[in-house]
Amino acid sequence: MARVYNFSAGPSMLPEEVLKTAADEMLEFGTTGQSVMEMSHRSKEYQAIFDETEANLREIMNIPDNYKVLFLQGGASTQFAMIPLNLMNKNKKADFIITGQWANKAFKEAGRYGEARAVASSADKTYSYIPKTTAADFDPDADFVHICMNNTIYGTKYNELPDTGDVPLIADISSCILSEPIDVTKFGMLYAGAQKNVAPAGVTIVIIREDLIGNAMDITPTMLNYVTHAENGSMFNTPPCYAIYIAGLTFKWIKKMGGLEAIKEMNVKKANLLYDFLDNSKMFKGTVVAEDRSLMNVPFVTGNDELDAKFVAESKAAGFVNLKGHRSVGGMRASIYNAMPIEGVEKLVAFMKKFEEENA
Ligand SMILES: *Cc1c(COP(=O)(O)O)cnc(C)c1O
C-alpha cells in the first residue's frame with residue numbers, strides 16, 4: 001500500500017493513527033460486538049463516546065462553561081442561514097467582511113433575512129489580503145459581525161481580530177479549527193465543517209455563547225434553531241454518529257501530540273518550509289501578502305498556465321495529489337492541514353526545486 005501526500009483543500013488528510021484506530025475498531029468497538037456505525041445513538045456506549053469527544057474538544061480549545069458545543073449536520077454552509085435566523089434578532093442588521101467566496105456566501109445568505117452590510121472587502125485584489133478595519137467601521141447596532149477566519153481558497157488568515165466593540169464576533173473557522181490556539185472568549189460564536197481538520201464530512205461543530213441562544217426568528221425551522229440542539233445535547237434527532245466518533249479520535253490524537261501549542265509549532269514549521277521556498281524561488285511565487293498568510297492553505301503560481309498544468313500533472317505522478325488551485329485563483333494550492341506530516345512538505349519542496357531546475 002502506498003499512501004499519497006494529499007494536499008486537498010477538503011475533504012483532506014486525516015492522521016494515519018486515527019484511520020488505523022478506526023480500522024481496528026471497525027467491526028467491534030470495545031466489547032460491544034458492533035461497529036460505531038451500527039450503534040443506537042441513544043445507547044450508553046455511544047453516549048460515552050459522544051461525551052468524551054465533547055469533553056476533549058472543550059479541553060483542547062479551552063472552551064468556557066458558558067459556551068455550548070453543538071455537533072450538527074448540513075456543513076458550514078447551513079450555518080450561513082442558521083446564523084441570521086438565530087442571531088439577527090434585535091435590530092435585524094449584521095456586518096460582514098468579505099474576504100473570499102465563503103465569507104461572501106455567508107453575507108448573501110444573511111441578506112435574505114435582514115439587513116446585511118459589507119463593511120470591507122478584498123475583492124479588488126482577488127482576496128489576496130485581509131482588509132484593515134477599525135472599531136468605527138462597524139455598526140454598534142449590528143446584531144453581530146461575521147468574518148471568515150481562514151480563507152481556504154485564497155490562503156489568507158486573520159492574524160489580528162477586528163475590534164467590534166460590544167457587537168458579538170462570529171467566525172467561520174472551517175479550515176483553521178484546531179490548527180493553533182484560539183481565544184474562544186473573543187467570539188460570540190465559532191463554527192466549522194469537520195472535513196478540513198477534524199473528521200470526514202458530515203458533522204459541523206458550533207461553539208456558541210449561551211446568551212446568544214434562544215431568540216431565533218419565528219420562521220426558524222425547528223432543526224435550524226440552536227435551542228433545539230442545545231437543549232437536547234445535539235441529539236434532538238440522529239446526529240452524524242460516526243463522524244463525531246472520528247472527530248473524537250482526532251481530538252485524542254491532538255492531546256497526544258501535546259495540544260494546540262504543539263500543533264501550532266508543527267504547522268508554523270511546515271508552512272515556513274513552503275513560504276521560504278516560494279520567497280526564494282525564481283519560478284514559483286505565493287499569491288498572498290506576507291502578513292496575512294494562512295498556515296493551512298498555500299496558493300502559488302508560476303505565472304504561466306502551461307507550466308502550472310505541467311507541474312500539477314508531474315507532481316501528481318510523483319505522489320503529491322490535489323495541488324491544482326481553485327479555479328478562481330488558478331495555479332496551485334497546497335493545503336497542509338494538521339494531518340499532513342512534515343515529510344510531505346519537505347518532499348514537496350524538494351520536488352518543486354527539482355521541477356524548477358528542470359524547467360528553468
Ligand atoms: C469548506 C468551507 C466551507 C464549506 O463547508 P461545507 O461543510 O461544505 O458547507 C465554508 N467555509 C469555509 C471557510 C470552508 O473552508
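Which residue of β5 is the bridge partner of Phe96? In this predicted model, whose residues are numbered from 1 along each chain as its sequence is written, the partner is His146. Local features need pLDDT of at least 70 and side-chain atom pairs count only at pLDDT 80 or more, while totals for chains, interfaces and linings use all residues, and side-chain values use heavy atoms, with hydrogens and water left out.

**View 1. Strand β5 and its partners.** Strand β5 covers residues 144-148, where helices (H or I, at least four residues) and strands (E, at least two) are DSSP runs numbered from the N terminus. Strand β3 (residues 93-98) runs parallel to β5 and is joined to it by three bridges, and strand β8 (residues 169-172) also pairs with β5 in the parallel sense, over four bridges; two strands pair if DSSP finds at least two bridges between them. His146, the partner of Phe96, stands opposite Ile170 in β8.

**View 2. The two faces of β5.** In a regular strand the side chains alternate between the two faces of the sheet. Phe144, His146 and Cys148 point one way from β5, whereas Val145 and Ile147 point the other way.

**View 3. Helix α2 and what covers it.** The 18 residues of α2 should span 26 Å at 1.5 Å a residue, and the end C-alpha atoms are 26 Å apart, which agrees; the expected span of a helix is 1.5 Å times one less than its number of residues. Among the buried residues of α2 are Tyr46, Ile49, Phe50, Thr53 and Leu57. The cover over the buried residues of this helix includes β2 (67-72), β9 (189-193), β10 (204-209), α6 (241-257) and α7. Just after α2, Asn62 takes a positive phi of about 55 degrees.

**View 4. Met266 in helix α7.** Met266 lies in helix α7, which covers residues 259-280, and it counts as partly exposed because its relative accessibility is 24%. Leaving aside neighbours within four places in sequence, Met266 is in contact (heavy atoms within 4.5 Å) with Met257 and Asn338. Between the C-alpha atoms of Met266 and Leu27, which are 239 residues apart along the chain, the separation is 33 Å.

**View 5. Met26 in its loop.** Met26 is found in the loop between α1 (16-24) and α2 (44-61). With a relative accessibility of 32%, Met26 counts as partly exposed.

View 6. Most residues other than glycine have a negative phi, and most peptide bonds are trans. The peptide bond from Gly10 to Pro11, however, is cis, with omega near -10 degrees, and Pro11 is found in the loop between β1 (5-6) and α1. Thr126, in the loop between β4 (115-121) and β5, has a positive phi of about 45 degrees although it is not a glycine. Ser234, in the loop between α5 (226-230) and α6, likewise is not a glycine and has a positive phi, of about 60 degrees. Thr126 is partly exposed, with a relative accessible area of 44%, whereas Ser234 counts as buried at 2% relative accessibility.

Notes:
Buried < 20%, exposed > 50% of the residue type's maximum accessible area, 1.4 Å probe, protein only.
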